[in-house]
Amino acid sequence: IRAKDTPAAISRHRNFQHFPVAMITEFTILTGEDWNDAMHGAMVKEDCYLVQTDISVTLPGSDGTPQQVDLKRGQYLDPVDDRALIDELPRDAWKDECTINSMLAVLYFCIFMLVCTYIMIQLVVGIVLENVQTATFMEGISVGQDQILEFVSVWKELDPFGTSYISVKQLTTLLQELPPQLGVKGLPRPQSIIQEIIFSVDIPLRKGIKVHFLEVLHALAGHVAGAELPAEEERRVHCRICKALPQEGSSFTAAQVYAAMVVSGAIKGFLQRFSIKDEDCGTDDEADAPEGSPRRPDMDGASSWDKRLGRNLLHTREKTIVRRARSKQLSRTPSVGSTRSSSQISALSISPSKNRLDGHLQGWRV
């Protein structure tokens, strides 16, 4: 194929003479840029014999006298008009760059553009459809990319040094700052929902009473959108997650720690209420009851559990009452009633069955 000087047509930078250049040419044609000029350049059948060296040829003139014709390297000759001159030249002095068949060039370029354009359209349509399906899927899932990014943002505030660990007690703060679905931000009764979430997930403890970032995220996401997987798939997911987890094992979970905290809080609350109630009852008994008479605590509304726990704490209460009575007696100024107070203290510490504390004991045992 003859190379022309115009860049759009077949040239020394855009031709089919060598494979690398041919691939570049095909790519530029695939973009649709002046592909018709390339097709026209491949259809040339005139002035397509290239002179490869400087040469002089003698030809007979019209009147029979010989004429000398000088040819320059790079000059093109027409295969029809210059046939007599081409026949006089040696074979290595010229090169045929004419197309084999113009219709073949037309068929090749047209089929190439149709097929490649169809493939490109299918590729673009496939990418668009895939993006639409991905967007639709992301909108339908319970835990999407936005929720995960929000989780990472809140975790950064609780773990500013990037250790991937937070205290198990910080799970409450984490869930309070996370919006639904992973958290309870903006929901009514958040404490009860947090307690329900922590008790329903399995988050193992690491490094004492700390939890790992990946295990917390996996547990919360599973709580929202968990589904039963086949055994093989579950094993594969588990192995992939375990690679990013610490190797030390743990026999306790965050739910167990929170259960212990709930029980501890309930006992502390009961002890506080019991202490306030005991002080109120003791004040009323000292003001109204005769000296030395036993007193029975008010058992109205007391549950059986309170009674059982009261029996266990009774020994501690006895020592506390005796210690308080002795400290009050030592701080008083000696007076007429000092002998009686000393005898009351002695009776309180030696014979508990005859004092007010014994009345408490009998009441609890009932």
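## A walk through the predicted model

Helices here are DSSP runs of H or I with at least four residues, strands are E runs of at least two, and both are numbered from the N terminus. What you see is a predicted model, in which local features need pLDDT of at least 70 and side-chain atom pairs count only at pLDDT 80 or more, while totals for chains, interfaces and linings use all residues. Residues are numbered from 1 along each chain as its sequence is written, and side-chain values use heavy atoms, with hydrogens and water left out.

Asp202 is 16 residues away from His218 along the chain, and their C-alpha atoms are 9.7 Å apart.

Now turn to helix H4 (residues 102–140), where you will find Val115. With a relative accessibility of 43%, Val115 is also partly exposed.

Three strands form an open sheet in the order E4-E1-E5, and the pairing is antiparallel. Strand E4 (76–77) and strand E5 (94–96) are the edge strands, each pairing on one side only. Strand E1 (residues 49–51) pairs with E5 in the antiparallel sense over three bridges; two strands pair if DSSP finds at least two bridges between them. Tyr49 stands opposite Asp96 in E5.

Asp78 counts as buried because its relative accessible area is 7%. Which backbone nitrogens lie by its side chain? A polar atom of the Asp78 side chain lies 3.2 Å from the backbone nitrogen of Asp47, and one lies 2.9 Å from the backbone nitrogen of Val80. Leaving aside residues up to four places away in sequence, Asp78 touches Glu46, Asp47, Arg83 and Ile86, where contact means heavy atoms within 4.5 Å.

Our last stop is Thr25, in helix H1 (residues 19–30). Thr25 is buried, since its relative accessible area is 1%. A polar atom of the Thr25 side chain lies 3.1 Å from the backbone oxygen of Asn15. Not counting residues up to four places away in sequence, Thr25 touches Arg14, Asn15 and Phe16.

Key
Buried means under 20% relative accessible area, exposed over 50%, partly exposed in between (1.4 Å probe, protein chains only). A polar contact is a pair of N or O atoms within 3.5 Å; within protein, one must be able to donate a hydrogen and the other to accept it, and residues adjacent in sequence count only if both atoms are side-chain atoms.
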